Amino acid sequence: AGPVDAPVILFVHGFPEFWYAWKDQLAEFSRDHRAVAPDLRGYNLSDKPAAVKDYRAKHLLEDLRQLILALGREKAVVVAHDWGGAVAWSLAAQHPEAVERLVIVNSPHAVPFARALATDPGQQAASQYMRMLRSPEAEALLSADGYAGLKAIFDRFGQGWNGLADEDRARYLEAWARPGALTGALNYYRASPLYPPGPHPGDDRGAADLAIDPAPFVVRVPTLVIWGEADAALLPCLLDGLGDVVTDLRVERVPGASHWIVHERPDLVNRLIREFLPRDLAATSR
């Protein structure tokens with residue numbers, strides 16, 4: 001949405017959403033930007049590669065880089081939530097020339113996340129759902145009874161499903177039901193080494209067995225992190241040490257807001273993003 005020749009602002013959704021999660025941001029920023037919200041690979045109308053390996057970070061970040069180029073730009077402002085944030089963190093670290101500014105909404109950077117999954121009991125407990133999402137049974141568990149399991153996952157971390165209007169729920173159900181879409185979304189979890197140790201002796205240790213060199217993950221573009229502090233899936237401890245791997249960092253903590261702050265507080269999210277936009281970029285876009 002918005003003028004074709006205006007500066008590009010790219011909105012990248014997470015699980016279990018699709019481009020529609022950003023409808024309020026598209027309405028706001030299309031006034032003076034080319035506002036773009038794609039379906040990530042595997043989701044809704046995008047292609048759905050069958051192999052789990054096709055959902056590794058190197059492919060996901062390249063999707064975004066190539067999308068920016070396909071829009072006729074060398075770089076864009078990138079705004080991302082949840083899994084979209086994981087991809088955007090990687091894009092900014094590996095291709096800083098493609099990112100004008102980075103805005104992350106409740107999505108942990110890989111280094112603090114790996115550390116918390118390995119050592120923090122609270123985050124380990126909060127992330128146990130990831131092990132179910134990696135399992136072969138996940139599609140059946142989540143899709144049964146009209147996607148009751150997926151609705152429950154959506155609501156577990158705030159008023160995700162119950163907070164949606166009936167029209168919005170219909171859009172989500174349509175997106176989830178597209179052939180291969182649920183498997184595509186789950187393959188993000190299956191392809192990632194970042195998941196918690198199992199709760200029982202003999203379970204695999206997940207991220208606890210990883211040894212991550214922080215150097216390739218350092219982000220050197222101006223970054224705003226918006227964090228709903230009532231997120232039950234991604235705890236505020238994931239902000240600890242973030243300044244060690246982000247050289248130009250601003251953090252906005254929002255008490256009472258959940259993982260779904262984009263839905264709960266769209267006006268606040270829009271204001272924080274707009275205040276963070278480069279002044280010269282904003283000026284040329286008006």
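Predicted model: local features only at pLDDT ≥ 70, side-chain atom pairs only at ≥ 80, totals over all residues.

Me: Why is Gln-25 called buried?

Reply: Buried means under 20% relative accessible area, exposed over 50%, and partly exposed in between, with a 1.4 Å probe and protein chains only. Gln-25 has a relative accessible area of 0%, and is therefore buried.

Me: Which residues does Gln-25 touch, not counting residues up to four places away in sequence?

Reply: Gln-25 touches Phe-11, Ser-30, Val-262, Pro-266, Val-269 and Asn-270, where contact means heavy atoms within 4.5 Å.

Me: What makes Gly-72 exposed?

Reply: The relative accessible area of Gly-72 is 59%, so this residue counts as exposed. Gly-72 lies in the loop between helix 2 and strand 3 (76-81). Its C-alpha is 9.5 Å from that of Val-8, although the two residues are 64 apart in sequence.

Me: How do you know that helix 4 is mostly covered?

Reply: Of the ten residues of helix 4 (residues 110-119), seven are buried. They are Ala-110, Val-111, Pro-112, Phe-113, Ala-114, Ala-116 and Leu-117. The cover over these buried residues includes helix 5 (121-126) and helix 6 (129-134).

Me: What makes helix 2 and helix 3 roughly perpendicular?

Reply: Axes are lines fitted to C-alpha atoms, for helices over the stretch in contact, and angles run from 0 to 180 degrees between N-to-C directions. Angles under 35 degrees count as roughly parallel, over 145 as roughly antiparallel, 65 to 115 as roughly perpendicular and the rest as oblique. Helix 2 and helix 3 (residues 82-94) pack at about 75°, their axes being 9 Å apart; the two helices are therefore roughly perpendicular to each other. Helix 2 contributes Ala-57, Leu-60, Leu-61, Leu-64, Arg-65 and Ile-68 to the contact, and helix 3 contributes Val-87, Ser-90, Leu-91 and Gln-94. By class, these are seven nonpolar, two polar and one charged residues; Ala, Val, Leu, Ile, Met, Phe, Trp, Tyr, Cys and Pro count as nonpolar, Asp, Glu, Lys and Arg as charged, and the others, Gly among them, as polar.

Me: Why are helix 7 and helix 9 called oblique?

Reply: The axes of helix 7 (residues 138-156) and helix 9 (residues 181-191) cross at roughly 130° and come within 11 Å. The two helices are therefore oblique to each other. On one side of the contact are Ala-138, Glu-139, Leu-142, Ser-143, Tyr-147 and Leu-150 of helix 7, and on the other Leu-182, Thr-183, Leu-186 and Arg-190 of helix 9. This contact divides into six nonpolar, two polar and two charged residues.

Me: Is Ser-143 buried, exposed or partly exposed, and what value decides the matter?

Reply: Ser-143 has a relative accessible area of 28%, so this residue is partly exposed.

Me: What makes the pair Arg-41 and Asp-63 a salt bridge?

Reply: A salt bridge is a side-chain nitrogen of Lys or Arg within 4 Å of a carboxyl oxygen of Asp or Glu. In the pair Arg-41 and Asp-63, the closest N and O atoms are 2.7 Å apart, and the pair forms a salt bridge. The pair links distant parts of the chain, 22 residues apart: Arg-41 is in the loop between strand 2 (34-36) and helix 2 (57-70), and Asp-63 is in helix 2. Arg-41 counts as buried because its relative accessibility is 19%, whereas Asp-63, at 29%, is partly exposed.

Me: How many salt bridges does this rule give?

Reply: The count comes to 16 salt bridges. Among them is the pair Arg-31 and Glu-28, at 2.7 Å from N to O. Arg-31 has 54% relative accessibility and so counts as exposed.

Conventions: Residues numbered from 1 in each chain as written. Heavy atoms only, no water. Helix = DSSP H or I, 4+ residues; strand = E, 2+ residues; numbered from the N terminus.
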